[in-house]
Amino acid sequence: AGNIFNSIEDEKLSVKNTVNGCAATFEGTDLTGGYPVIYVRDTYSDNGQHYALFFYRTNTAVGSITTTTTSTQFNTSSDYRLKENLVPVDNAIDRVKQLSTYRFNFISEANTTVDGFLAHEVADIVPEAVSGEKDAVKNVFDPESNTTIEVAEYQGIDQSKLVPLLTAALQEAIARIEALETP
């Protein structure tokens, strides 16, 4: 499997395969400063793209992160050979109108205002964009109190999963505009 170099040093773990240039570094810091970081580098190139990270499920690649000299792509499986029962998206404008958008700040970043959604509201309209369940909690052991405590399991949203719906809504709107412009 090549030369593997492992080291644990000052709360850092480095793994390097010196044969083909693959490398991963996982760096942890204490609570007094710094940020936890994952560095992944793969020098293997296929037609100019470098595959920085692959995601597999049951021996099948289902996603990747690729880079060029100037950009990064976050990829998910979309090959036609993986799909069946294809039907056009319809009523997209009606579904988009159901999406509530907000300007807000996260509690931990009071001075940063962003635009976005509430995951539990999007889950009813585009469920594949949302992970987790509304108001979910889990029990974890707290070594400080030597008891089990309840902590929130927050929902997440992959806003890129909204792009197909938004594209279909735009196409519907364009078709309506073109119909109105036709004499």
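Predicted model: local features only at pLDDT ≥ 70, side-chain atom pairs only at ≥ 80, totals over all residues.

The largest pocket has a volume of about 740 Å³. Its lining is made up of 26 residues, and Ser78, Lys83, Glu128, Lys161 and Pro164 are the closest to the pocket centre. At least two lining residues come from each of strand 7 (60-67), strand 8 (72-76) and helix 3 (163-181). Strand 7 gives the largest share, with four residues.

The second largest pocket has a volume of about 580 Å³. Of the 19 residues that line the second largest pocket, Phe106, Leu118, Ala119, Tyr154 and Gln155 lie closest to its centre. Helix 2 (119-123) and strand 14 (156-157) are the elements that give two or more residues to this lining.

**Thr147**

Thr147 belongs to strand 13, which spans residues 147-152. Is Thr147 buried or exposed, or in between? Thr147 has a relative accessible area of 36%, and it therefore counts as partly exposed, since that class lies between the limits of 20% and 50%.

The side chain of Thr147 makes a polar contact with the side chain of Ser145, at 2.7 Å. Once neighbours within four places in sequence are set aside, Thr147 is in contact with Val140, Phe141 and Asp142.

Note on methods. Residues numbered from 1 in each chain as written. Heavy atoms only, no water. Buried < 20%, exposed > 50% of the residue type's maximum accessible area, 1.4 Å probe, protein only. Contact = heavy atoms within 4.5 Å. Polar contact = N/O pair within 3.5 Å; in protein donor to acceptor, adjacent residues only side chain to side chain. 1 Å grid on protein atoms, 1.4 Å probe; cavity = no way out; pocket = protein on both sides within 12 Å on 5 of 7 lines; lining within 4 Å. Points joined across faces, edges and corners; volume = space filled by probe spheres on them.
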